[in-house]
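Trainee: I would like a close look at a single part of this model. Please keep the terms plain.

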Amino acid sequence: VTFEGHDSSENSKVIMIPFSRPENWLYLDEHCRDVIHPAFQSCVRCSAGVFLSGLRYSLKLYTAFYLLSGVLRRRHPKDVLLRTVPYILQSSLFLTASGTVPCACICLLRKLLGRFYCYSTAFVPAVIGGGLAILIERKSRRGGLAVYGSTLAVQALFNMLKYRGYVTPLPYGEVLLFSVGSSVLLHSYHSESGLHDAVGSFLRFLFKPWVPAGLTMLTDMLSLRPSLSSMLVTMLIRIAWIALWSFQVGYLIQAGLSVLRAGYQAFKNPKKLLHALLHPNNVKLGVFLATLAGGFKLLNALFMFLPISQDFRLLLAGLISGLSISWFRSSVISVYIAGKAVEVLYFKAVGKGWLPKFYYGDVVLFAVAVGVLIHAVFLERHNVQVPYWNFVNKLVGGHLQGINYDVLDHFGTHASKGVRAVEGKQQREEENSHQ
């Protein structure tokens, strides 16, 4: 199962599976129950167990997601209940299928081909499963899911190339990527076309905040005396409030995520709850959103005094304010924003007739992204973000921990070595957190 003359020691370089003749491909003759689901003797029982686990997890996840979205959008409780119940069920079935169908396809391909090949172990089954699963979801959500999935897939691919020594990270690359992406998105948001997706809703939530009555009275009083100084003071008050509001939003979002990560222990142990609420990342995300929203508004107002067009002014203000990601550097956020920017530019090009429109482009993009991610989860765990691996593991009911990674080492991706490295790192982090 290895190349002739290949050194199979742990310190050897990673094998790159060649696209050559089928007789030269690496393969495994083991049964799927010996590799993929040792805890289940039957493939059908494994798929049924994954389905039930995924359905429970998906219902919990999407119930919280849709109810929170309804509250943030200030909808009437009756409308929230009537609209969200069908959406919760549909999205839960989609997410459940995203975990169940790839698992079933892995066993099915093993039976059809008679053995495991590298790409039939995870990538091809996941592409099939992801493509079928996304068809269950509403058309309006497919684009966002495809962009988010491709964000994680691009990051995983980059980690694979970096692990093999083919690329080197660019210093502050995620800052530059976010800055360019935010420039496009903020320009589109403030243009006539606008942004009509989740990103647009979040930007509206930042730039059009709830304003207290006292502040409204103050700005109204200043507007009664029209002068340059009163206009400047009013503008600065509004920008300052937008920045303060954005800081609150960022702090509460990160604090809520910290409490969710702590789970039941956060409410059982007051110290852990206090640690989650006062975590430094809460302030960092708050400062990031405050400087992004407030900085953009301030720069856009200052650039009005320059002899430049409105489009260039918005792009320049977005580009500079995008540097605020330095407070909360995240490659996932940067790649996601860049992906959304590419999506916006693509649809603008389609609207002008420069590019054709692919109706099922979001389905294909999501399917390939799921294929890349599941391949990395099974064969190269060390190249996948730990939160995403944990998410997939919860979705499939913890069955990822039962996979025989030692057997998968024959494909040359150092699957078991990556698993041990990640588990050792997690154990050290847990020990440090308890100290």
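Is Leu 177 buried, exposed or partly exposed?

Mentor: This is a predicted model, in which local features need pLDDT of at least 70 and side-chain atom pairs count only at pLDDT 80 or more, while totals for chains, interfaces and linings use all residues. Residues are numbered from 1 along each chain as its sequence is written, and side-chain values use heavy atoms, with hydrogens and water left out.

Leu 177 has a relative accessible area of 36%, so it is partly exposed (buried is under 20%, exposed over 50%, partly exposed in between, with a 1.4 Å probe and protein chains only). Leu 177 touches Ser 334, Val 335 and Ala 338, leaving aside residues up to four places away in sequence (contact means heavy atoms within 4.5 Å). From C-alpha to C-alpha, Leu 177 and Leu 319 are 10.0 Å apart in space, yet 142 residues apart in sequence.

Leu 177 lies in helix α7 (helices are DSSP runs of H or I, at least four residues, numbered from the N terminus). Helix α7 covers residues 173-190, and its axis comes within 11 Å of that of helix α8, residues 198-207, crossing at roughly 75 degrees (axes are lines fitted to C-alpha atoms over the stretch in contact, and angles run from 0 to 180 degrees between N-to-C directions). The two helices are therefore roughly perpendicular to each other (65 to 115 degrees). On the α7 side the contact is made by Leu 185, Leu 186, Tyr 189 and His 190, and on the α8 side by Val 199, Gly 200, Leu 203, Arg 204 and Phe 207.

Conventions. Parallel < 35°, antiparallel > 145°, perpendicular 65-115°, else oblique.
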